[in-house]
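I opened this notebook to record, entry by entry, what I looked up in one structure and how each term was defined.

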Amino acid sequence: MFDSNSCIICNDSISDPVCKNCYIKQIKILLNDLKMHPMAKEIILGKVKNKFPIETLNDIDCILCKQENVDLCYYCFSINLNNILRGLNLTEELIRDFGFNPMHETYLESKINIG
Ligand SMILES: [Zn+2]
Ligand SMILES: [Zn+2]
């Protein structure tokens, strides 16, 4: 069955759809709040823009701008973003400060287990 309201990566239905542009806006604000180096900002934003799919068959409107279609759920977006940030060797603290961390509890658990 074709479900046009599902995430293109994990296939789960998207409950609070937010489009890529709105996520990027949020990330820009966070980068300013975190007082990141302008160069680091450029690199992060460039990677986020390249990494996420542009074309979508979905017809779910973004709840924020109501203009763009949404093709990724929050969970998959967070995982992608965290992978980008880790790839840039940002510290876990900084990645956590972004607030896009679906693995938060698991991460803490694994840290406790490792000691
Ligand atoms: Zn997903
Ligand atoms: Zn939007």
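**Conventions.** I am working with a predicted model, in which local features need pLDDT of at least 70 and side-chain atom pairs count only at pLDDT 80 or more, while totals for chains, interfaces and linings use all residues. Residues are numbered from 1 along each chain as its sequence is written, and chains are lettered from A and ligands numbered from 1 in the order in which they are written.

**Confidence.** I looked up pLDDT (the predictor's confidence in each residue, from 0 to 100) and found that the chain averages 81, with 79% of the residues scoring at least 70.

**Make-up.** I counted elements as DSSP runs numbered from the N terminus (helices H or I, at least four residues; strands E, at least two), and the chain has five helices and zero strands. Of the contacts with a separation of 6 or more, 61% join residues 24 or more positions apart. For burial I used the C-beta atoms, placed from the backbone: 20 or more others within 10 Å make a residue buried, 12 or fewer exposed, and anything in between partly exposed. By that count, buried residues are 16% of the 115 in the chain.

**Helix α3.** α3 has 14 residues and spans 20 Å from its first C-alpha to its last, close to the expected 20 Å, where the expectation is 1.5 Å times one less than the number of residues. Which residues of α3 are buried? They are F77, L81, N82, I84 and L85, and they lie on the same side of α3 because they cover an arc of only 160° around the axis, the arc being that of the directions from the helix axis to the C-beta atoms. The face turned away from this buried side carries the exposed residues N83, R86 and G87, whereas the cover over the buried residues includes α1, α2 and α4.

Beyond its neighbours within four places in sequence, C73 is in contact with C7, C10, D12 and I14.

**Helix α4.** D97 is in α4 (residues 92-98) and counts as partly exposed because it has 14 C-beta neighbours inside 10 Å. Its C-alpha atom is 9.8 Å from that of L31, 66 residues apart along the chain.

**Positive phi.** Most residues other than glycine have a negative phi, so I listed exceptions. N11, in the segment before α1, has a positive phi of about 75° and is exposed, with 10 other C-beta atoms within 10 Å. K66, in the loop between α2 (38-51) and α3 (74-87), has a positive phi of about 55° and is exposed with 8 such neighbours.

How values were computed. Two residues are in contact if their C-beta atoms, placed from the backbone, lie within 7 Å.
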